[in-house]
Amino acid sequence: MNYLFFDIECANCFGGHGKICSLGYVLADERLNILEQKDILVNPKSKFHTSRGDGEGIELGYDKSEFLKAPDFKATYPTFKKLLENPDVIIFGHSVNNDINFLISECNRYEMPYFTFNAFDTQILHRHFMPESTENGLGKICEAFGISTENLHRSDYDAYLTLQVAKKMCQIKGVDIQELLHECPNAFYSVENGNVKNNYATVSYTKKLSGYARFVKPDPRLLKRSQIVDKHFCFSTSFEKDRFKQALFLVNKIRRMGGVYSQKISKLDFYLPFGDNCLRTQNVMSIADGHIDIVTEEKMLDILEIDKNLYEEVKAWSMAKIRNYGIPKPKKQSNTSVKTAVNKSNKD
């Protein structure tokens with residue numbers, strides 16, 4: 001799986017609609033080594049609102065004449081579509097919601113079909129992992145990280161800086177890019193049919209399941225015959241959202257049998273896809289190569305020795321009943337034990 005970092009510059013945003021004049025990108029491998037870097041110039045067919053030193057307007061990365069002799073958005077649309085809808089890349093941008101809306105504006109202006117893709121926002125990642133920082137702008141964040149910013153406002157260079165920011169956060173936190181994303185699910189956006197959605201509400205189910213998994217302890221009675229001790233399990237985000245009660249119940253049994261609920265794809269032993277081909281499923285399928293067992297819901301029940309009728313009943317259970325299923329209640333201290341403890345305390 002490769003990573004695509006992109007940035008868009010606009011000639012102006014009059015009327016709240018961005019007129020794109022360049023889209024730059026950097027393609028990197030799994031270790032964030034750069035494979036390709038390119039800036040695609042676009043004739044905006046509109047006025048340039050350039051800066052006059054008063055904080056308004058834009059800074060151009062090239063002379064105006066370079067943009068004016070470039071093809072317009074309609075001509076570059078196929079290139080952008082191929083780039084952004086490539087199923088083999090994970091996309092990043094800084095304040096990516098803005099770039100997504102620029103694309104939507106241009107699709108409306110030129111009456112072109114909307115793009116459909118997912119993207120992560122390094123601005124949100126930075127806010128999450130660097131809460132002590134008050135910086136939001138790409139340039140300021142780079143300065144704080146000691147990253148050189150010689151060619152700001154040239155799209156491909158801003159895409160390069162976005163990559164450097166992501167790489168720096170990975171270094172600081174001592175994690176790889178996948179772990180960084182799993183720790184901050186609200187950085188995930190999707191765009192489809194001209195609608196932009198922040199998927200925090202969907203992927204936050206993962207955080208709830210992870211928190212619950214830490215609460216449930218292995219059951220010595222089940223460990224004696226368990227075949228899944230230390231085996232790693234994960235489900236698609238679609239399953240977690242649409243069947244959260246069942247997901248919670250499965251995590252309960254996984255943990256009690258000594259298994260692990262995990263989103264670290266490189267460590268997975270069993271994966272349950274479901275519904276839409278979510279980003280997590282795409283990532284799993286891209287590296288599965290035999291070491292991850294892709295299972296159906298029915299097979300998952302067999303592995304966990306769960307009765308199918310009981311599993312169906314879970315839909316009507318309360319959340320509290322699911323969370324506490326099979327977990328021994330703490331033993332209440334008897335009155336005799338309490339008296340003994342008090343008498344011992346008094347003697348001491």
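This is a predicted model: local features need pLDDT of at least 70, side-chain atom pairs count only at pLDDT 80 or more; totals for chains, interfaces and linings use all residues.

Q: How many helices and strands does the protein have?
A: The protein has 16 helices and 11 strands.

Q: And what percentage of the residues is buried?
A: Of the 348 residues in the protein, 48% are buried.

Q: What share of the contacts with a separation of 6 or more comes from residues 24 or more positions apart?
A: Such pairs account for 69% of those contacts.

Q: Turning to pockets, what is the volume of the largest pocket?
A: The largest pocket holds about 990 Å³ of space. Its lining consists of 39 residues, and those nearest the centre are Asn118, Phe188, Ser190, Cys278 and Leu279.

Q: Which elements give two or more residues to that lining?
A: On the strand side, they are β4 (89-93), β5 (117-121), β6 (188-192) and β7 (195-198). The helices that do so are α7 (177-183), α8 (200-215), α10 (237-242) and α12 (279-287).

Q: How does the lining of the largest pocket divide by class?
A: There are 15 nonpolar, 16 polar and 8 charged residues in the lining of the largest pocket.

Q: What about the second largest pocket, how much space lies in it?
A: The second largest pocket has about 510 Å³. It is lined by 20 residues, with Asp7, Glu9, His94, His153 and Asp158 closest to its centre.

Q: Which element supplies the largest share of that lining?
A: Strand β1 does, with 4 residues. At least two residues each come from β1 (2-10), α3 (96-110) and α5 (138-145). By class, the lining of the second largest pocket comprises 7 nonpolar, 8 polar and 5 charged residues.

Q: How many cavities of 30 Å³ or more are there?
A: The count is 1 cavity, and the largest cavity has a volume of about 30 Å³. Its lining is made up of Leu222, Arg225, Ser226, Lys253, Met257 and Glu305. Of these, 2 are nonpolar, 1 is polar and 3 are charged.

Q: Back to α3: what span should it have, and how far apart are its ends?
A: At 1.5 Å a residue, the 15 residues of α3 should span 21 Å, and the end C-alpha atoms are 21 Å apart, so the two values agree.

Q: Which residues of α3 are buried?
A: They are Val96, Asp99, Ile100, Phe102, Leu103, Ile104, Ser105, Glu106, Cys107 and Tyr110. As background, an α-helix has 3.6 residues a turn, so residues three or four places apart point the same way.

Q: You listed Cys107; why does it count as buried?
A: Cys107 counts as buried because its relative accessibility is 1%, under the 20% cut-off. Cys170 is also buried, with a relative accessible area of 8%.

Q: How many disulfides are there?
A: The count is 0 disulfides.

Q: What does Gln123 touch, leaving out residues up to four places away in sequence?
A: Gln123 touches His94, Ser95 and Asn136. His94 is also among the residues closest to the centre of the second largest pocket.

Methods. Residues are numbered from 1 along each chain as its sequence is written. Side-chain values use heavy atoms; hydrogens and water are left out. Contact means heavy atoms within 4.5 Å. A disulfide is a pair of cysteine sulfur atoms within 2.5 Å. Buried means under 20% relative accessible area, exposed over 50%, partly exposed in between (1.4 Å probe, protein chains only). On a 1 Å grid over the protein atoms alone, a cavity is a set of points where a 1.4 Å probe fits but cannot get out, and a pocket is an open set with protein on both sides within 12 Å along at least five of seven lines; lining residues have an atom within 4 Å of a point. Grid points are joined across faces, edges and corners, and a volume is the space filled by probe spheres set on the points. Ala, Val, Leu, Ile, Met, Phe, Trp, Tyr, Cys and Pro count as nonpolar, Asp, Glu, Lys and Arg as charged, and the others, Gly among them, as polar. The expected span of a helix is 1.5 Å times one less than its number of residues.
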